[in-house]
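Subject: Structure handover

Hello,

Here is the structure you asked about. My notes follow below it.

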Number of protein chains: 6
Amino acid sequence: MHTDLSEEALRAYRSAQQAPADFDAFWQLTLQEARAAGGTVTVEPVDTGLATVDVHDVTFPGYGGEPIRAWLRLPRGARGPLPAVVQYVGYGGGRGHALENLLWASAGFAHLQMDTRGQGSGWSRGDTPDSGPAGPQVPGVLTRGIGAPHDYYYRRLFTDAVRAVDAVRGLPQVDPARVAVLGQSQGGGIALAAAALVPELTAAVAHVPFLCDFPRAVVVTDAHPFREIADYLAAHRRSEQTVHRTLAYIDGVNFARRARIPARFSVALMDAVVPPSTVYAAYHAYAGPKELDVWRYSGHEAGGPDDDEAALRFLRERLRP
Amino acid sequence: MHTDLSEEALRAYRSAQQAPADFDAFWQLTLQEARAAGGTVTVEPVDTGLATVDVHDVTFPGYGGEPIRAWLRLPRGARGPLPAVVQYVGYGGGRGHALENLLWASAGFAHLQMDTRGQGSGWSRGDTPDSGPAGPQVPGVLTRGIGAPHDYYYRRLFTDAVRAVDAVRGLPQVDPARVAVLGQSQGGGIALAAAALVPELTAAVAHVPFLCDFPRAVVVTDAHPFREIADYLAAHRRSEQTVHRTLAYIDGVNFARRARIPARFSVALMDAVVPPSTVYAAYHAYAGPKELDVWRYSGHEAGGPDDDEAALRFLRERLRP
Amino acid sequence: MHTDLSEEALRAYRSAQQAPADFDAFWQLTLQEARAAGGTVTVEPVDTGLATVDVHDVTFPGYGGEPIRAWLRLPRGARGPLPAVVQYVGYGGGRGHALENLLWASAGFAHLQMDTRGQGSGWSRGDTPDSGPAGPQVPGVLTRGIGAPHDYYYRRLFTDAVRAVDAVRGLPQVDPARVAVLGQSQGGGIALAAAALVPELTAAVAHVPFLCDFPRAVVVTDAHPFREIADYLAAHRRSEQTVHRTLAYIDGVNFARRARIPARFSVALMDAVVPPSTVYAAYHAYAGPKELDVWRYSGHEAGGPDDDEAALRFLRERLRP
Amino acid sequence: MHTDLSEEALRAYRSAQQAPADFDAFWQLTLQEARAAGGTVTVEPVDTGLATVDVHDVTFPGYGGEPIRAWLRLPRGARGPLPAVVQYVGYGGGRGHALENLLWASAGFAHLQMDTRGQGSGWSRGDTPDSGPAGPQVPGVLTRGIGAPHDYYYRRLFTDAVRAVDAVRGLPQVDPARVAVLGQSQGGGIALAAAALVPELTAAVAHVPFLCDFPRAVVVTDAHPFREIADYLAAHRRSEQTVHRTLAYIDGVNFARRARIPARFSVALMDAVVPPSTVYAAYHAYAGPKELDVWRYSGHEAGGPDDDEAALRFLRERLRP
Amino acid sequence: MHTDLSEEALRAYRSAQQAPADFDAFWQLTLQEARAAGGTVTVEPVDTGLATVDVHDVTFPGYGGEPIRAWLRLPRGARGPLPAVVQYVGYGGGRGHALENLLWASAGFAHLQMDTRGQGSGWSRGDTPDSGPAGPQVPGVLTRGIGAPHDYYYRRLFTDAVRAVDAVRGLPQVDPARVAVLGQSQGGGIALAAAALVPELTAAVAHVPFLCDFPRAVVVTDAHPFREIADYLAAHRRSEQTVHRTLAYIDGVNFARRARIPARFSVALMDAVVPPSTVYAAYHAYAGPKELDVWRYSGHEAGGPDDDEAALRFLRERLRP
Amino acid sequence: MHTDLSEEALRAYRSAQQAPADFDAFWQLTLQEARAAGGTVTVEPVDTGLATVDVHDVTFPGYGGEPIRAWLRLPRGARGPLPAVVQYVGYGGGRGHALENLLWASAGFAHLQMDTRGQGSGWSRGDTPDSGPAGPQVPGVLTRGIGAPHDYYYRRLFTDAVRAVDAVRGLPQVDPARVAVLGQSQGGGIALAAAALVPELTAAVAHVPFLCDFPRAVVVTDAHPFREIADYLAAHRRSEQTVHRTLAYIDGVNFARRARIPARFSVALMDAVVPPSTVYAAYHAYAGPKELDVWRYSGHEAGGPDDDEAALRFLRERLRP
């Protein structure tokens with residue numbers, strides 16, 4: 001069943017989320033500090049037994065210069081600098097196995113799949129710890145450090161995401177002028193942040209992006225992971241303002257208003273995890289050229305391979321692999 | 001939690017399943033008729049936008065000569081006849097999207113992914129109808145035509161599986177002496193059938209194979225799809241013997257006793273869908289060289305990419321792509 | 001809880017469903033072909049041990065002239081031609097056991113309870129197979145052959161329903177001028193079809209009829225069996241128009257607009273299976289004399305014996321047994 | 001799945017339940033007092049519109065002489081005294097609607113369906129209140145008055161059941177020498193009590209009888225209604241002995257040991273409500289001639305109409321309607 | 001998620017509930033009869049091992065003069081008459097254990113915690129039976145005696161609640177001019193009744209009060225215990241008017257309109273058990289000075305210790321312990 | 001239902017868990033480092049409005065000298081040094097609200113309720129962050145840092161628990177020779193660790209202790225939080241040995257073998273969260289004087305207030321408040 005407003009109401013809906021006054025300064029300083037922390041990118045070939053794709057185990061400096069893992073997959077025998085796709089993954093997962101996720105390299109892109117700090121023990125495996133303080137919190141990462149924007153988990157993760165693009169642009173196999181970001185669910189939310197925070201990206205793909213329009217999201221769904229916020233506030237009953245202030249710094253709606261590159265969205269009207277209105281909130285707020293695929297009968301899996309096919313078309317047109 | 005017997009008891013467990021006296025004659029006649037029905041194999045290239053893998057839309061004659069769909073994926077630019085992997089898919093799914101499942105072609109194999117007649121509307125899409133009578137039955141295919149071995153759904157599906165190998169062996173890009181079959185869950189059950197029914201295959205991979213040891217399976221799990229059998233018998237209370245007689249013709253235990261090629265199995269001890277004892281039943285009965293990976297903490301997803309990695313090693317050693 | 005619109009909104013609600021231009025021609029041709037296929041009606045007495053009711057095992061020609069089973073129950077010792085009630089059953093069930101469902105014969109009617117092709121393995125047993133192609137589909141019958149109106153399962157089932165009336169009218173114990181149709185849930189949906197397709201019926205009873213107002217139904221409930229449609233479209237994401245076009249040929253709203261005989265409806269406001277608005281959609285569209293019982297606190301069981309009591313009154317007034 | 005011991009273990013299982021020393025005296029006194037309380041039986045015809053069955057609204061004196069409701073259904077036009085079937089109903093239900101449950105009268109029996117005091121608001125409706133003290137208790141009736149055998153709900157209900165036979169034997173249409181008792185689930189447990197407490201009954205039918213072998217039942221299932229006992233003891237942690245002492249007075253195992261008339265049992269091996277071992281406990285303890293139907297794939301619905309068919313054969317042989 | 005209307009709509013919502021014409025006379029007569037029945041209050045010290053709080057086992061005459069149990073907890077060594085807090089408990093519970101619930105005595109109040117007749121076998125234990133007729137009813141107490149206001153369970157329970165205040169006012173340790181009533185959920189509903197029925201109370205606290213605004217409550221939630229009403233009406237389909245008439249006599253909205261003492265409410269917007277609109281219904285109707293704490297992210301646990309803290313402040317200001 | 005072995009088997013069961021060779025050295029070094037890190041204890045009075053109990057907000061140095069919060073509750077007006085009870089709390093909770101949990105101070109003990117680092121956002125609130133690396137992990141704390149004993153979350157938490165006793169012993173109001181530790185579930189597991197690690201405690205209470213006998217626990221229950229381990233291993237399939245090696249350092253069985261002070265245990269045979277066999281494992285291994293209360297019908301709430309009452313008796317006898 002449709003899990004949110006009617007389609008007509010979704011098309012008319014606009015989020016009430018507002019960016020704090022120092023939103024841009026906050027992120028400018030955060031990224032400046034991360035880049036100042038330095039660190040090196042290492043690229044180790046992996047013996048996978050594959051014949052058409054080369055996989056490398058990458059470590060790059062993320063938030064605070066901390067080592068973040070990734071897989072770099074390249075089409076074997078490609079010549080000349082390649083356009084790159086940087087992919088972020090969904091909640092609970094990590095970069096997974098070297099043998100998974102061969103689509104983007106098989107399509108001719110340099111494909112960097114970033115690990116997700118501290119997650120990576122659910123539907124796919126990860127290898128990167130989180131460093132931050134894990135204050136009184138609900139299980140998961142959505143309320144880790146939520147007492148202050150500076151301590152919040154997603155400040156660190158979004159910084160990793162920006163630095164992943166920095167890392168891929170520095171690789172000899174990659175054309176730094178042709179880089180796109182892509183993700184689904186949490187990965188889509190990260191992609192929106194990257195679209196706003198990284199200069200001169202070519203395109204962004206955000207399928208059923210999570211982490212958008214928190215003021216509405218936390219009161220219209222009981223599903224995890226959004227529910228972690230409500231669970232936290234059910235225990236910390238006097239912290240409502242503090243929590244919403246922190247969330248405003250990482251809300252995809254606020255990033256969407258600042259992005260200018262072409263973007264592809266998808267939304268699923270039977271999605272019980274990411275309420276469709278929160279995706280429309282980000283889509284309507286998005287300030288660059290944009291397209292939206294509406295899956296009327298899908299849950300949070302959204303378009304699945306059909307979203308991939310559309311994203312492949314979208315990225316091939318813009319990145320010309 | 002462990003969903004079945006203790007590990008010690010699993011290692012000691014042997015199935016009580018027996019093959020009917022005419023089991024071999026039944027299948028010999030079935031395949032003979034299918035081959036006699038003739039039909040042609042068509043191979044149409046698909047424009048996927050991929051750079052390293054070529055995908056073809058294949059139609060081959062299955063049971064009764066009926067057209068069965070498949071994807072053929074080939075590593076682009078490969079020279080000389082390739083070893084082939086024929087893959088069967090899990091319950092409810094179909095051959096899926098052309099862009100999915102790039103592993104085996106990327107590893108240098110000709111990869112034929114067979115569609116599953118009449119299924120293909122659940123976790124992945126299919127394009128092939130079933131032709132048989134759909135008698136009073138429980139939703140799903142497990143009780144379709146279960147009133148007689150001749151009418152049973154899996155007689156048709158297993159015949160398709162054998163004919164898929166016939167088809168792939170006739171392709172100019174394939175070395176017919178180097179063909180393996182592979183599948184997970186229902187796909188694993190089909191692979192066991194193919195291992196017994198197709199002469200001179202090189203190897204078989206059956207990850208958490210479904211469709212084994214029905215006499216035990218139907219009384220030790222409430223989970224679908226095994227449960228379809230119990231649901232049927234809860235309505236058709238006098239049909240117990242008829243149903244078990246039909247099932248004996250397609251039980252993986254009976255095929256395992258007839259197979260001689262090297263086989264890799266996996267089993268998951270927290271599997272609530274395919275009880276581990278039913279996998280051990282097939283493994284213990286298997287008459288050829290065999291190996292078994294035991295995933296102690298996995299559910300029906302079993303080894304996931306770790307199973308893929310091990311299967312890739314197993315198949316590379318035997319098929320030398 | 002009330003599962004749909006407020007009572008006020010339900011009273012105002014009208015369906016957006018539209019009949020295809022060739023709707024009437026489609027059904028005229030379908031029935032013409034079925035009647036042309038011929039076939040005979042057989043009536044075998046059953047030894048039930050009952051004293052006041054005689055039960056007969058009936059086989060009559062349905063869609064394509066295929067043999068369809070039914071129970072015929074007659075009050076023992078009745079003289080003269082009897083009025084008849086033809087009953088259709090709910091989703092998943094079949095004609096059941098000869099000893100069940102003695103109400104209508106005990107009330108003095110000839111009672112024909114039609115089996116449901118291919119179902120009959122759930123809450124009650126059946127004995128009739130379905131013949132049609134079972135294309136890629138979701139478990140159940142709601143998406144069997146949904147790719148084209150001609151192949152769709154319900155085309156066959158509704159034809160059986162019409163032919164059941166033909167059969168009962170030809171029985172020597174029955175007065176062909178006094179025949180009513182009756183059903184609950186799926187049976188109610190079939191009764192609406194029969195009310196529109198069979199000339200000169202006396203009355204129809206449709207309790208919480210299923211299969212009405214698909215455009216709304218598939219987006220307002222997650223419950224099976226309506227959900228089969230959404231599950232299908234979640235896999236076959238590009239088939240929305242095709243599916244809705246097929247459904248328009250069997251939607252109870254379109255039959256209701258064509259029916260002219262007196263009809264009794266019931267609706268349950270806490271029904272989670274058949275959303276009340278879809279019943280109101282059919283009720284409001286119904287073009288003949290009509291009455292509606294509203295059960296404010298019932299789920300899909302609706303009025304149960306209270307519906308039976310009201311239907312008995314309704315049918316006795318009109319059929320004069 | 002099978003919900004209890006293996007079939008082999010079920011056949012070997014014997015209950016540890018013991019009757020208190022004053023068990024027989026307790027019931028003798030209880031029934032003596034009830035009969036001493038007097039009261040009259042009233043029989044009012046109901047206008048149902050049926051043609052072959054006459055239904056009467058009966059009130060008879062039960063425990064304490066309190067008025068208990070029942071339906072009396074008779075085959076219309078029957079001559080001479082009829083054999084009678086007294087039916088008790090399952091947990092939560094009542095005597096239901098006059099139009100329901102026509103099987104036994106249609107088969108030529110006088111059929112008295114006793115209402116269940118204080119229940120009758122669940123799957124079927126009732127019309128009789130309970131009079132006893134409702135002490136601190138879990139919702140339901142299983143712990144009502146459980147603090148003492150004298151106050152316990154089932155002392156009152158079983159007394160009603162005995163007095164129902166007294167009442168039916170006094171009806172002019174009934175042959176008092178040909179009376180059987182019958183029930184399913186709770187109704188089966190009541191039938192076992194009546195079989196032991198009422199002299200000279202002809203036969204008893206207990207399908208999946210509830211209320212047997214409490215010492216085992218309360219620790220092997222989480223399902224309601226047995227669970228009410230565990231819920232009570234989870235709150236009243238020091239009352240274990242008191243509760244089990246009370247239950248021993250109404251445990252079907254203790255009645256089974258005292259019964260001598262022919263009895264038919266059924267048991268369902270996938271029954272999650274009444275664990276099969278508790279049925280075997282009563283069956284093995286039963287001291288009269290007995291038969292048992294084992295439904296291997298059924299849940300608590302057990303044989304449904306197949307149980308009815310077998311019970312009809314069983315009762316026709318013994319009661320000769 | 002928010003389980004009911006939007007906050008804006010909640011603030012505007014007013015209940016349609018109406019008091020019957022004889023509402024005041026009904027309660028006046030009920031209480032008059034209860035007081036006329038007499039009975040004595042007994043107070044027995046309990047040896048708890050506590051050092052700062054003395055606990056007494058109290059029995060006082062309730063409805064019909066029947067003995068009702070309670071705990072009286074007093075701060076040890078307190079001098080002079082104390083203000084008192086009379087507490088009523090939530091659905092399913094009883095007065096619990098002597099060692100529980102030390103807050104109010106530790107804060108300097110005489111604290112009487114009334115037992116709940118017939119309940120007390122769920123989340124906390126009780127020791128008091130109910131005496132009334134338990135007519136055909138759904139498990140629980142919400143439909144016990146619902147066929148007539150005079151027989152209804154809550155008539156008896158609310159009378160107990162009034163008589164508890166009478167009892168506490170007669171204790172030598174208590175200042176009868178300084179007595180408050182307090183409760184959560186069902187306890188809050190009882191407190192609203194007491195606030196209206198007992199003259200010259202000092203204050204009332206009703207946290208997430210249950211038993212308010214039945215006309216809306218029964219159609220907007222599926223959760224127990226409100227659901228007992230709908231379950232009853234699903235079986236007793238013709239009793240809608242009778243049931244709603246009875247409920248009007250105990251609906252918190254009708255009591256709220258008659259209360260004049262200062263009251264504190266709380267409501268939880270994610271409460272799935274007591275729909276927030278039904279609390280707002282009582283709050284808006286409340287005729288005395290009032291305050292409301294809104295917990296936006298809590299379920300039925302509402303403010304928990306934060307509600308306690310606020311209630312302690314509220315009561316200390318008014319009762320000056 | 002009983003969730004684990006039969007009572008007879010439970011009494012015979014012994015755990016296979018083994019302590020690593022350096023277990024004692026590991027903890028000796030850990031505690032030595034923690035004490036060397038220094039830090040100060042601060043005690044701030046809280047204005048609660050209570051009359052008989054004084055509450056203080058305590059901060060003490062825990063693992064790494066990090067500030068850990070606690071509540072100190074004292075009976076008002078007590079003279080002379082008091083015996084102390086140090087309480088640890090269950091999984092997900094924190095020290096809660098100052099007004100909660102008044103039992104132990106009301107009974108005359110100094111009561112220190114330790115906060116739980118990083119948790120405290122579930123059923124009760126906390127105020128203390130965790131400092132450690134939060135590596136790829138399952139939501140919750142059970143797999144945080146599980147890759148190495150040194151990094152593991154419970155190394156830090158158990159160190160806090162030891163240091164809490166150090167802190168309470170240094171308070172002027174406390175007699176350092178009369179200190180007991182107490183907890184339920186996770187709190188019970190911590191109490192077992194403290195009983196082994198802290199010299200010269202007077203007694204320990206471990207109600208349904210969690211964190212015992214991991215080798216069995218992780219394969220016999222699906223319930224959280226034990227399930228976090230299996231979930232982790234389902235993703236990190238090759239880490240079984242690493243994980244079990246880390247767990248051996250914090251398993252309650254290994255602490256039980258080293259404890260010598262009198263201990264009280266409780267176990268609940270219907271506990272689905274902490275399998276009873278794992279409690280018996282610790283109880284049987286416990287090397288000091290011990291007692292065990294068996295709650296046959298309770299779930300994880302175990303004895304609730306009845307456990308409290310028994311623990312109060314146990315502690316009053318040994319600590320003489």
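Please keep in mind that this is a predicted model.

Chain D and chain B

Between chain D and chain B there are 2 salt bridges. In a salt bridge with an N to O distance of 3.4 Å, the side chain of Arg296(D) meets that of Glu240(B). Helix 11 of chain D (residues 305-319) gives the largest share of the chain D side, with 3 residues. Sorted by class, that side of chain D has 6 nonpolar, 4 polar and 4 charged residues.

As for extent, the contact involves 14 residues of chain D and 12 residues of chain B. The area buried between chain D and chain B is about 1,100 Å², and carbon and sulfur atoms give 50% of that area.

The sheet of chain B

Chain B has an open sheet of 9 strands with mixed pairing, in the order 1-2-3-5-4-6-7-8-9. Strand 1 (42-46) and strand 9 (290-295) of chain B are at the edges and have a single partner strand each, so one side of each has no neighbour in the sheet. On average, neighbouring strands are turned by 20° against each other, direction ignored.

At the strand 9 end, strand 8 (residues 263-268) of chain B pairs with strand 9 of chain B in the parallel sense, over 6 bridges. In this pairing Ala263(B) is opposite Lys290(B) of strand 9.

Helix 10 (residues 276-285) of chain B lies across strand 8 and strand 9 of chain B, and runs at about 160° to strand 8.

The sheet of chain D

In chain D, 9 strands form an open sheet in the order 1-2-3-5-4-6-7-8-9, and the pairing is mixed. The edges are strand 1 (42-46) and strand 9 (290-295) of chain D; each has a single partner strand, so one side of each is left without a neighbour in the sheet. From one strand to the next the twist averages 20°.

Strand 7 (residues 203-207) and strand 8 (residues 263-268) of chain D run parallel and are joined by 4 bridges. Val205(D) is opposite Arg264(D), a residue of strand 8 of chain D. Helix 10 (residues 276-285) of chain D lies across strand 8 and strand 9 of chain D, at about 160° to strand 8.

Chain A and chain F

Each side of this contact is made of 26 residues, from chain A and from chain F. Chain A and chain F bury about 1,700 Å² between them, 52% of it on carbon and sulfur atoms. Ser121(A), Arg125(A) and Pro136(A) supply 30% of the area that chain A buries against chain F, more than any other three residues. There are 0 salt bridges between chain A and chain F, but 12 residue pairs (both at pLDDT 80 or more) are in polar contact. The side of chain A that touches chain F has 8 nonpolar, 12 polar and 6 charged residues.

Chains that do not touch

Chain B and chain E are not in contact, and their nearest C-alpha atoms are 27 Å apart. Chain C and chain F do not touch either, with nearest C-alpha atoms 27 Å apart.

Local points

His244(E) is in helix 8 (residues 240-248) of chain E. The side chain of His244(E) makes a polar contact of 3.0 Å with the side chain of Tyr297(C). Apart from neighbours within four places in sequence, His244(E) is in contact with Tyr297(C), Phe214(E), Pro215(E) and Val218(E).

Two backbone features are worth a look on screen. The peptide bond from His224(D) to Pro225(D) is cis, with omega near 0°, and Pro225(D) is in the loop between helix 6 (214-220) and helix 7 (227-235) of chain D. In chain F, Val208(F) has a positive phi of about 35° although it is not a glycine; Val208(F) is in the loop between strand 7 (203-207) and helix 6 of chain F.

Regards

Key. Residues are numbered from 1 along each chain as its sequence is written. Chains are lettered from A and ligands numbered from 1 in the order in which they are written. This is a predicted model: local features need pLDDT of at least 70, side-chain atom pairs count only at pLDDT 80 or more; totals for chains, interfaces and linings use all residues. Side-chain values use heavy atoms; hydrogens and water are left out. Contact means heavy atoms within 4.5 Å. Buried area is the accessible area (1.4 Å probe) that two parts lose on being put together, summed over both. A salt bridge is a side-chain nitrogen of Lys or Arg within 4 Å of a carboxyl oxygen of Asp or Glu. Helices (H or I, at least four residues) and strands (E, at least two) are DSSP runs, numbered from the N terminus. Ala, Val, Leu, Ile, Met, Phe, Trp, Tyr, Cys and Pro count as nonpolar, Asp, Glu, Lys and Arg as charged, and the others, Gly among them, as polar. Two strands pair if DSSP finds at least two bridges between them. Axes are lines fitted to C-alpha atoms, for helices over the stretch in contact, and angles run from 0 to 180 degrees between N-to-C directions. A polar contact is a pair of N or O atoms within 3.5 Å; within protein, one must be able to donate a hydrogen and the other to accept it, and residues adjacent in sequence count only if both atoms are side-chain atoms.
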